[in-house]
Amino acid sequence: MSGARHLYVHLPFCAHRCGYCDFVTLVGRSEQHGGYVDALLAELRLERELLATEVETVFVGGGTPTFTEPHALARLLSSLPDAEEKTVEANPETVTPGLAALLQEQGVNRVSLGAQSFRPHLLATLERVAQPDTVRRAFYHLRDAGFDNISLDLIYGIPGQTASDLDADLDAALALGPEHLSCYELEAKPGTRFTHAHGAELALQADAMEMYFEVVVERLTGAGYRWYETANFCRAPSLPHGPDLRSQHNLAYWRGRDYLGVGIGAVSTIDGTRWTNTPRLAPYIAALGSGERPPREHEPLPDATRARERLMLGLRLDEPLELVGSSDAVDADALARMERLGLVRVRRSSSVGAHIALTPRGRLLGGGVTAELLA
Amino acid sequence: MPQDRIRNFSIIAHIDHGKSTLADRILELTHAVSQREMRDQVLDTMDLERERGITIKAQAVRVNWKGYQLNLIDTPGHVDFTYEVSRSLQACEGALLVVDAAQGTQAQTLANAYLAIENDLEIVPVVNKIDLPQADPSAAAAELADLIGDTPEHVLRISAKTGEGVEDVLDAIIGRVHAPAGDQVAPARALIFDSSYDQYRGVVAFVRVVDGTFSQREPLRAMAQGTRFEAEELGFFSPTMRSSGSLSAGEVGYVITGLKDVSKLRVGDTLTSERRSATEPLPGYKDVKPMVFAGLFPTDSDDYPELRDALERLKLNDAALFYEPETSQALGFGFRCGFLGLLHMEIVRERLEREFDLDLLVTAPNVAYRVQPPNGEWHEVHTPSDMPAEVEEVEEPYIKASIIVPKEYVGAVMELNNERRGRFDHLEYLSEDRVHLTYELPLAEIVLDYYDQLKSRTRGYASFDYDVIGFRPGKLVRVDILVGGEPVDALSLVLHRDSAYERGRALVERLREEIPRQMFDVPIQAAIGSRVIARETVKAKRKDVLAKCYGGDISRKRKLLERQKAGKKRMKQVGMVEVPQEAFLAVLNLSGERK
């Protein structure tokens with residue numbers, strides 16, 4: 001095996017834990033940032049042989065990576081392998097001209113900015129610190145520092161969000177002209193503080209908000225963005241051989257590639273095994289401090305399981321999925337049914353295997369269609 | 001025992017009016033059992049009988065009192081078994097009619113009293129529970145005397161609980177009830193008034209010998225059904241099984257037949273000897289037919305074989321239970337079962353769930369219909385979906401309902417009966433406050449929730465009994481429910497033309513709420529033939545996606561979809577539409593709940 005070409009690095013620290021968040025995050029702890037980065041780098045050294053010599057993408061996610069104490073952050077970024085795409089997630093309130101410059105200096109060439117909304121009352125509901133202008137300022141700081149590949153995260157389906165709120169958010173996002181947009185419907189995950197506070201309200205709004213996904217897709221594709229993944233949009237290149245502005249790192253997940261993840265709670269999938277690091281900071285730092293691997297949970301991924309995952313992930317994309325390896329994963333009756341309903345297109349050819357792709361309506365129902373198609 | 005020293009009687013009473021307490025007290029008083037043995041022997045008969053390797057409940061107990069042989073014959077306790085009750089009564093010459101001193105006459109008291117009168121029994125009226133503080137023995141005695149055309153002074157007043165007056169009851173049986181009148185030397189005849197099944201000994205018949213004598217090892221024949229067998233053992237219960245070698249005219253006892261099929265020996269049939277056969281059977285044998293039908297489906301289709309075995313075993317002890325395999329595209333494999341009535345259905349369902357640990361889905365019950373298709377023969381239909389779309393004529397079973405209520409609820413009962421296509425028959429004051437109403441109603445109108453409605457509209461005061469009185473023509477139509485254009489067999493209904501539209505619409509609305517949205521619009525229709533009478537649409541989903549999916553949660557999202565797929569596999573498929581079983585359940589329940 002030539003090794004994974006995609007690296008994920010988890011920086012869990014945040015100034016505040018938003019009510020809806022269910023990621024592995026830690027509030028504050030600035031005195032531990034340095035120690036954690038040491039541990040990260042130790043894990044990376046331990047697993048270096050799992051990575052290919054040429055790494056294609058690095059993604060630093062969180063948490064709020066840009067909340068990490070700047071010296072520690074710089075030390076981490078400078079030690080990461082070179083890659084064609086190097087993304088860092090940032091929260092608007094942390095993006096100063098200084099931080100933008102730091103990222104630029106450390107070879108980061110893509111920033112994913114957690115805007116979420118431009119409506120003050122919705123930002124408040126989400127417990128976001130940033131104000132609409134904070135988001136805009138952060139965006140321009142990044143542009144000024146020379147970033148030409150910026151992604152904005154938006155959340156829709158927020159309790160109290162009206163159709164015109166959604167329009168206003170999309171207008172505001174488009175006005176900034178980001179290269180990339182990720183638009184997620186708010187998930188009220190069981191057990192979160194947010195669900196406790198807003199779950200009932202969300203359930204009541206569910207019918208009214210059912211159209212929001214379609215609105216998002218129509219507005220963004222209408223503005224020239226490519227709906228390349230269920231929740232992701234990128235500017236289509238203006239020239240035939242212009243840059244591919246899809247998130248190359250995330251594309252690797254959706255294409256079923258191997259990846260190494262380091263940090264607490266990070267997941268790796270390599271050579272038919274998936275493992276998840278302990279989500280707890282102390283045992284993670286302690287293990288790596290003594291040269292050991294952190295506590296992990298392992299999950300074997302037999303071929304059949306990988307085939308199912310390739311189907312699930314591949315159908316999120318706008319490119320046809322080749323059925324060669326994953327044909328056993330597909331329920332043939334369901335495929336015929338979905339085709340009859342105009343939700344799936346199947347291209348059969350004798351030379352190469354069959355390709356399947358969801359139709360636009362099929363993509364709006366992608367979760368249900370995929371569940372049907374799974375054998 | 002000379003025939004003139006024998007007395008055969010039963011106790012008839014409304015539920016909870018003290019029948020079994022009185023029976024226990026009689027056994028105790030006649031020393032059939034000692035007081036200490038009461039608990040061990042009588043109440044716990046199951047254990048005792050198990051020791052003997054036989055699991056038959058005594059249906060008739062023989063006791064001695066002042067030189068007389070008294071046979072106490074048990075009667076089945078509820079409305080669906082009127083025929084069985086009438087056979088038990090036919091085995092007696094007298095009956096104790098027991099009424100609770102606090103509650104007075106109830107519908108079941110009446111029904112059974114009339115049955116006893118029809119069978120020419122000497123009725124010994126008894127007011128029980130006179131020890132209760134709220135007892136009004138005089139009022140109850142007056143009502144009871146009025147009912148049977150006797151004088152209040154003639155009514156015995158007792159407390160089965162304390163034993164007060166029970167000796168008088170035994171004396172009254174000897175003094176007032178006639179001795180059996182059979183011919184000792186005529187060819188042997190015996191009435192089968194009950195039967196039971198034991199896994200080692202086969203069918204055990206409970207009989208009342210009318211003429212002649214039956215002996216052990218004698219070849220016997222059931223006259224109506226023609227079943228032949230040898231009497232393996234004859235005897236009586238006192239209160240445990242005692243073999244006696246023979247049974248003679250006037251006596252009551254059991255016959256162990258060795259037959260392996262309970263339906264070969266039906267209640268009401270006449271036993272005679274093969275060697276010297278009687279020419280005329282005893283009167284009154286009826287082949288009892290089920291009137292109420294419902295589909296029984298295991299909620300887990302893997303339990304089908306268990307359900308089949310359980311029904312087979314129940315049938316051994318319940319000749320009236322009818323079942324045949326039924327396949328529903330909505331509910332899978334199950335059985336269409338026929339019952340004598342609602343209570344019978346409830347008992348069977350409860351036994352299946354409790355004794356056999358089965359989880360059942362029971363479709364809304366329907367009645368038997370007699371149908372004549374154009375240019376076709378009359379035949380019976382037991383499943384609404386079997387009702388031909390075009391019929392010349394349809395007949396449905398009618399009942400005579402007997403209802404007793406405090407007078408302030410008469411209006412409410414009349415209103416209910418009018419809603420249910422009832423025809424008023426008779427109204428009579430039993431006392432100043434209590435009224436006896438009789439109505440003729442289609443059986444179909446009571447099989448769903450009639451009894452619950454009656455109870456709730458009379459605050460629980462009404463008592464109810466009924467008798468099937470035959471088939472009558474009705475303006476009945478089959479209403480089909482179509483989901484996504486496909487008829488759902490389990491939801492077809494036979495309804496009166498006047499209520500078809502309303503009921504069809506209610507069903508369709510309920511289904512719209514219950515069927516989850518699909519990837520396409522799903523029309524739900526109610527139709528009579530090709531005419532749609534109600535329509536709703538389950539709108540297609542506009543969106544069904546997992547918001548995000550990255551390296552950290554691929555496993556979780558995959559498992560989520562796999563679970564979703566597994567859930568889909570459990571759904572019932574109606575054409576292209578996936579319907580959760582719960583939806584059918586909700587709708588089937590609804591058909592019982594009228595607004």
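Let's start with a strand pair: in chain A of this predicted model, strand β13 (residues 273-277) runs antiparallel to β14(A), and the two are joined over 5 bridges. One place to look along that pairing is Thr273(A), which sits opposite Pro300(A) in β14(A).

That pair belongs to an open sheet of 3 strands in chain A, in the order β12-β13-β14, with antiparallel pairing. Why do β12 and β14 of chain A count as edges? Each has a single partner strand, so one side of β12 (267-270) and one side of β14 (296-300) go without a neighbour in the sheet. From one strand to the next, the twist averages 20°. As background, strands of a sheet pair through backbone hydrogen bonds, in either a parallel or an antiparallel way.

Stepping back to the whole chain, chain A has 14 helices and 17 strands. Of its 375 residues, 47% count as buried. Take the contacts in chain A between residues at least 6 apart in sequence: 69% of them join residues at least 24 apart.

Now for the meeting of the two chains. Here 34 residues of chain A are in contact with 24 residues of chain B. These elements of chain A each give two or more residues to the side that touches chain B:

| Element of chain A | Residues |
|---|---|
| β8 | 180-185 |
| α8 | 212-222 |
| α9 | 248-254 |
| α11 | 303-314 |
| α14 | 366-373 |

The largest share of that side, 6 residues, comes from α14(A). By type, the residues on the side of chain A that touches chain B split into 16 nonpolar, 7 polar and 11 charged.

Over in chain B, helix α13 (residues 554-570) is worth a look. This helix has 17 residues and reaches 24 Å from its first C-alpha to its last, close to the 24 Å expected at 1.5 Å a residue. Which residues of α13(B) are buried? They are Ile554(B), Lys557(B), Arg558(B) and Leu561(B).

What covers the buried residues of α13(B)? The cover includes α9, α11 and α14 of chain A. On the face of α13(B) turned away from its buried side, you'll find the exposed residues Arg556(B), Lys559(B), Arg563(B), Ala566(B), Gly567(B) and Arg570(B).

Conventions:
Residues numbered from 1 in each chain as written. Chains lettered and ligands numbered in written order. Predicted model: local features only at pLDDT ≥ 70, side-chain atom pairs only at ≥ 80, totals over all residues. Contact = placed C-beta atoms within 7 Å. Helix = DSSP H or I, 4+ residues; strand = E, 2+ residues; numbered from the N terminus. Nonpolar A, V, L, I, M, F, W, Y, C, P; charged D, E, K, R; others polar. Buried ≥ 20, exposed ≤ 12 C-beta atoms within 10 Å, placed from the backbone. Pairing = 2+ DSSP bridges. Axes fitted to C-alpha atoms, helices over the stretch in contact; angles between N-to-C directions. Expected span 1.5 Å × (residues − 1).
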